[in-house]
Amino acid sequence: MIIDGASITAFSSAIFLPWMMGIAVVVFLLGHRAATNLFIVTGQGYLVGVFLTTLIIQLWHMCGLPFNFWIIALAMFIVVVTVGVLALFTGRFHYAELPSMRSTAVWQMLAVVFFLCLIGFRYSTLTQELLLRPLYAWDAWMNWAPKASVWFFHGELIPFVSKETWLAASSDEIIYTAGASQAFRYPDTVPILQLWMMMALNTDDSTLIYLPWLCVAVAMGLAMYGHVRLAGGSVLASTVASYVLMSLPLFGVHVGLPGYADLWLTAAFGCSVLALHEWYQTRQWPYAVLSLALALMCTQLKIPGLIMGGIVLLVFLVAASGIKQVVGFLLVALVAVAVAITVLAGVDVVVPGLGRVVIARDFIQLPYIGRYDLMFHPVQSSIIETLFIMINWNLLWYVFLLFAFLGIVQGAMKSPPSIVLAALLLGILFIFFVYFFTNRYEFALDFTQVNRALIYLTPLMVFYVFSIGRQRLELLART
């Protein structure tokens with residue numbers, strides 16, 4: 001495509017308007033009611049802005065309005081100005097009081113610059129890879145990108161249906177189907193984001209469409225830095241935490257081979273739990289609102305996002321109830337017994353508005369998620385190879401297990417960041433259950449999916465490691 005002044009203006013608007021809108025909303029929500037910093041506002045703001053952008057486009061479609069990039073962009077600009085004005089008039093920005101960078105030793109600042117240069121070099125090469133390589137990512141080619149292209153050429157959100165429905169449809173009915181058998185059930189957020197970029201560039205054939213995958217990785221790095229700083233981490237520790245996350249090999253793969261929804265779910269789930277952690281420490285309700293909003297975003301990204309968003313909600317409800325740890329363990333035990341009894345007795349009900357729920361000894365069927373046969377599959381060798389031998393994670397899993405042990409030894413299970421650990425353990429249990437007990441086990445054996453599922457947990461693992469490390473250093477200093 002030919003890049004002219006108008007294209008550059010539209011492309012820049014497509015990238016920065018959602019970011020500005022999200023920053024305005026997060027500033028309005030957090031800035032005057034909760035301690036925060038500019039890195040949290042900028043990182044969390046990008047996710048909020050992208051989610052709002054996709055919701056605005058869906059609302060636009062529901063109202064029967066024709067898709068026009070500049071009119072939608074104008075509506076978003078009005079939101080930015082309105083929310084920004086409201087934020088200005090609600091009070092003074094509450095910037096968290098943290099140790100000044102001026103107190104940081106020279107060698108630490110040099111180390112910070114070194115790690116920033118490493119991040120800059122890494123992401124400059126990833127940007128080249130993103131811009132120069134056509135769309136190769138399999139799931140994106142099969143399931144996500146075709147939806148965006150269809151919607152772009154039709155100028156509306158044309159329905160996608162099952163293959164059976166598509167084959168039985170009349171010739172004058174405008175519907176489509178996608179590659180995977182369940183692709184028609186997938187949430188629309190990611191292809192709508194692609195559609196937004198296509199409208200800005202006026203084409204569906206440009207690698208610039210996938211630049212948001214680079215932006216969300218940067219936003220996740222900014223959010224990680226901001227939350228580690230807010231938790232009491234030094235400038236150097238916070239920078240290293242961002243570097244560790246952003247340098248993970250599989251993290252970079254999803255930037256260099258964009259189009260998958262996994263990186264977005266990783267960022268939404270990670271930022272949601274980090275916001276929930278801050279609420280748990282300070283009981284500042286705006287962080288709870290932000291966390292639950294991003295949990296909702298999780299459910300609109302991928303089908304596994306329904307579970308990841310549910311994990312955030314469950315952890316929030318347990319934490320908000322004020323249940324003591326012993327009582328919590330008893331409740332978990334009771335729930336486990338209830339689940340066991342339910343499986344043995346069997347359940348087959350139709351939930352109004354949702355669909356059929358079946359829980360039996362040999363299979364489960366859940367609305368939106370589908371049917372899964374239940375049987376133990378010995379995939380432990382593949383899981384161990386994925387976590388500890390392959391190069392997807394550097395040494396993250398080794399370090400996480402070490403620091404989890406240190407956290408238990410020093411009693412960190414009873415104090416923050418235990419809420420992060422709770423969400424992390426629930427996520428691990430969910431992923432291991434899927435690959436050990438359902439017919440998804442084959443995707444663990446051939447290594448095509450389990451590593452992508454484990455990427456959702458990486459922001460929490462990095463934050464937990466650095467939080468426990470800081471607590472350990474403080475304990476050593478006192479002794």
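I began with the second largest cavity, where the lining residues divide into nine nonpolar, no polar and no charged. For these classes I counted Ala, Val, Leu, Ile, Met, Phe, Trp, Tyr, Cys and Pro as nonpolar, Asp, Glu, Lys and Arg as charged, and the others, Gly among them, as polar.

A note to myself on the source: this is a predicted model, in which local features need pLDDT of at least 70 and side-chain atom pairs count only at pLDDT 80 or more, while totals for chains, interfaces and linings use all residues. Residues are numbered from 1 along each chain as its sequence is written, and side-chain values use heavy atoms, with hydrogens and water left out.

**Entry 1: the chain as a whole**

I found 20 helices and four strands in the chain. Helices (H or I, at least four residues) and strands (E, at least two) are DSSP runs, numbered from the N terminus. Of the 479 residues, 49% are buried; buried means under 20% relative accessible area, exposed over 50%, and partly exposed in between, with a 1.4 Å probe and protein chains only. Next I looked at contacts (heavy atoms within 4.5 Å). Among those with a separation of 6 or more, 74% join residues 24 or more positions apart.

**Entry 2: back to the cavity**

How many cavities of 30 Å³ or more are there? I get two. On a 1 Å grid over the protein atoms alone, a cavity is a set of points where a 1.4 Å probe fits but cannot get out, while a pocket is an open set with protein on both sides within 12 Å along at least five of seven lines; lining residues have an atom within 4 Å of a point. Grid points are joined across faces, edges and corners, and a volume is the space filled by probe spheres set on the points.

The second largest cavity has a volume of about 40 Å³. Its lining consists of Ala14, Ile15, Pro18, Tyr46, Val50, Leu193, Trp196, Met197 and Pro212. Helices α1 (5-30), α2 (38-62) and α7 (189-201) each give at least two residues to that lining.

**Entry 3: Trp196**

Trp196 lines the cavity, and I wanted to know more about this residue. Trp196 lies in helix α7. Is Trp196 buried or exposed? Trp196 is buried, at a relative accessible area of 0%. Leaving aside neighbours within four places in sequence, I see Trp196 in contact with Ser13, Ala14, Pro18, Thr53, Ile57, Phe69, Ile72, Ala73 and Met76. Trp196 and Ala14 are 182 residues apart along the chain, and their C-alpha atoms are separated by 7.1 Å.

I then looked at the nonpolar cores, each a set of buried Ala, Val, Leu, Ile, Met, Phe, Trp, Tyr and Cys residues joined through side-chain atoms within 4.5 Å. The largest has 142 residues, and Trp196, Trp264, Phe400 and Leu457 touch the most other members. Apart from that one lies another core, of seven residues, including Phe115, Val235, Leu236 and Val240. In soluble globular proteins, nonpolar side chains tend to be buried together.

**Entry 4: α3 against α7**

The axes of α3 (residues 69-89) and α7 come within 9 Å and cross at roughly 115 degrees. On the α3 side I find Phe69, Ile72, Ala73 and Met76, and on the α7 side Trp196, Met199 and Ala200. By class, the residues of this contact are seven nonpolar, no polar and no charged. Axes are lines fitted to C-alpha atoms, for helices over the stretch in contact, with angles from 0 to 180 degrees between N-to-C directions.

**Entry 5: the second largest pocket**

I put the volume of the second largest pocket at about 460 Å³. Its lining has 27 residues, with Ala237, Phe403, Val465, Phe466 and Gly469 nearest the centre. Two or more residues come from each of α9 (235-246), α16 and α20 (458-478). Which helix gives the largest share? That is α20, with nine residues. The lining has 17 nonpolar, eight polar and two charged residues.

Arg283 has a positive phi of about 60 degrees although it is not a glycine. Arg283 sits in the loop between α11 (262-282) and α12 (285-299) and is partly exposed, at 44%.

Asn394 is in the loop between α15 (380-389) and α16 (396-409) and is partly exposed, at 40%.

Ala137, in the loop between α4 (106-132) and α5 (138-154), is buried at 4%. Not counting residues up to four places away in sequence, Ala137 touches Leu257, Pro258 and Tyr260.
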